[in-house]
Amino acid sequence: MPPTRSHVKMVIITGMSGAGKTVVVQALEDIGYFCVDNLPPALLPKFVELLKDPDHNTTDKVALVMDLRGREFFDQLGNSLDQLMSTPSIIPQILFLDATNAALVTRYKETRRSHPLSPTGSPLKGIELERTLLAEVKGRAQLIYDTSDLKPKILREKIIEQFRENEQEGFSVNIQSFGFKYGIPIDADLVFDVRFLPNPFYIESMRPLTGLDEEVSSYVLKFNETTEFMLKLIDLISFMLPQYKREGKRQLIIAIGCTGGQHRSVTLAEYLANYYKDQYDTNVSHRDVEKRSHK
């Protein structure tokens, strides 16, 4: 008799058509997940029953692709997910793949495929409709990947790193600085605007530096408004992080933005990462730190 599985980890892969679901499911299959492509939402409860039966299930890691190829997708997925979330023996996680409209249109043109919601019309029309219909599902996702600028090889590596067996189970906090002039990160969960703080850019000696330099960080942090803002921000984030973790979210992306993403946002992102590094698995990145308009 197969061994009894107390819990089954289930990854539900969904998102925009053309955003990379095939790459993701192939990567998960390569690291030992039992994968099912295009499972109709109506069959999800039956599939869960099979997973709970030790006589029929010998795996504790499952990945399901659920997308627009299932005609009843939008009507039934919500109800099926509600049932799944209340199943004690299943540990579900929704992975939503997204990309910008421009990136998706380019991919459809390159493959010469039609969009499933606009088989005879323009891909953009189908993409816009799909984005509207998927808004609720995206809001329920614990993981959101923006694949606009990711090559398939890089996406595959990110998925393997996220789900591999030796990955430390838990909750991670990813803090990212950015410049509003280059756009808000599409995958950010929380966005904070620090453009109200004094800007080192207007001091000639600091202009070519970044928030990673002591001279800039000391300047940004010396003001009373910076101190007061960080106290309030840390109080808010410290309250929210345990709530997100309890809700089952695996990672939280906090984006700190200033005008160019070089001075103020970098300083405060580093400050936050240093503050939380002993409490959570914390990572910090600076998306626009090298995009200096004066170069």
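This is a predicted model: local features need pLDDT of at least 70, side-chain atom pairs count only at pLDDT 80 or more; totals for chains, interfaces and linings use all residues.
## Contacts around aspartate 288

Two residues are in contact here when heavy atoms of each come within 4.5 Å. Not counting residues up to four places away in sequence, aspartate 288 touches Ser177, Phe178, Gly179, Tyr182, Gly260 and Gly261. You'll find aspartate 288 in the segment after β9, the strand that covers 281-286.

Is aspartate 288 buried or exposed? Its relative accessible area is 0%, under the 20% cut-off, so aspartate 288 is buried. Glutamine 262 is 26 residues away along the chain, yet the C-alpha atoms of aspartate 288 and glutamine 262 are separated by 6.7 Å.

## The protein as a whole

Now for the wider view. The protein has 295 residues, and 47% of them count as buried. Its secondary structure comes to 10 helices and 9 strands.

How much of the contact list joins residues at least 24 apart? Take the contacts between residues at least 6 apart in sequence: 79% of those join residues at least 24 apart.

## Leucine 95 in strand β4

Another residue to look up is leucine 95, which is part of strand β4 (residues 90-98). Leucine 95 has a relative accessible area of 0%, so it counts as buried. What does leucine 95 touch, once its neighbours within four places in sequence are left aside? The list runs through Val11, Ile12, Ile13 and Thr14, then Val24, Leu143, Tyr145, Ile159 and Phe163.

There's also a C-alpha separation to note: leucine 95 and arginine 140 sit 45 residues apart along the chain, with 9.4 Å between their C-alpha atoms.

Helix α1 (residues 21-30) and helix α7 (residues 152-163) have axes that come within 9 Å and cross at roughly 45°. The crossing of α1 past α7 is right-handed.

The α4 and α5 crossing is right-handed. Here Asn101, Leu104, Val105 and Tyr108 from α4 meet Pro123, Leu124, Ile127, Glu128 and Arg131 from α5.

## Rings that pair up

A pair of aromatic rings is described by the distance of the centres and the angle of the planes. How many aromatic pairs are there? The count is 7. One of them joins phenylalanine 201 and tyrosine 202, with 5.6 Å from centre to centre and 85° between the planes, and it is edge-to-face. Phenylalanine 201 has a relative accessible area of 27%, so it is partly exposed. Tyrosine 202 reaches 64% relative accessibility and therefore counts as exposed.

Tyrosine 275 and tyrosine 276 also form a pair: their ring centres are 4.9 Å apart and their planes lie at 80°, so this one is edge-to-face. Tyrosine 276 is buried, at 1% relative accessible area, whereas tyrosine 275 is partly exposed, at 38%. Ring pairs also bring Tyr280 in, linking Tyr275, Tyr276 and Tyr280 into a cluster.

## Charges over rings

Where does the charged end of arginine 195 sit? It is over the ring of phenylalanine 180, 3.7 Å from the ring centre.

Most residues other than glycine have a negative phi. Asparagine 38 is not a glycine, but its phi is positive, at about 60°. Asparagine 38 is in the loop between β2 (34-36) and α2 (44-52). With a relative accessible area of 27%, asparagine 38 is partly exposed.

Definitions and conventions. Residues are numbered from 1 along each chain as its sequence is written. Side-chain values use heavy atoms; hydrogens and water are left out. Rings of Phe, Tyr and Trp (its six-membered ring) pair if their centres lie within 6.5 Å; planes under 30 degrees apart count as stacked, over 60 as edge-to-face and the rest as tilted. Buried means under 20% relative accessible area, exposed over 50%, partly exposed in between (1.4 Å probe, protein chains only). A charge sits over a ring if NZ of Lys or CZ of Arg is within 6 Å of the ring centre and within 35 degrees of the ring normal. Axes are lines fitted to C-alpha atoms, for helices over the stretch in contact, and angles run from 0 to 180 degrees between N-to-C directions. Helices (H or I, at least four residues) and strands (E, at least two) are DSSP runs, numbered from the N terminus. A crossing is left-handed if the near helix is turned anticlockwise from the far one by less than a right angle, and right-handed if clockwise.
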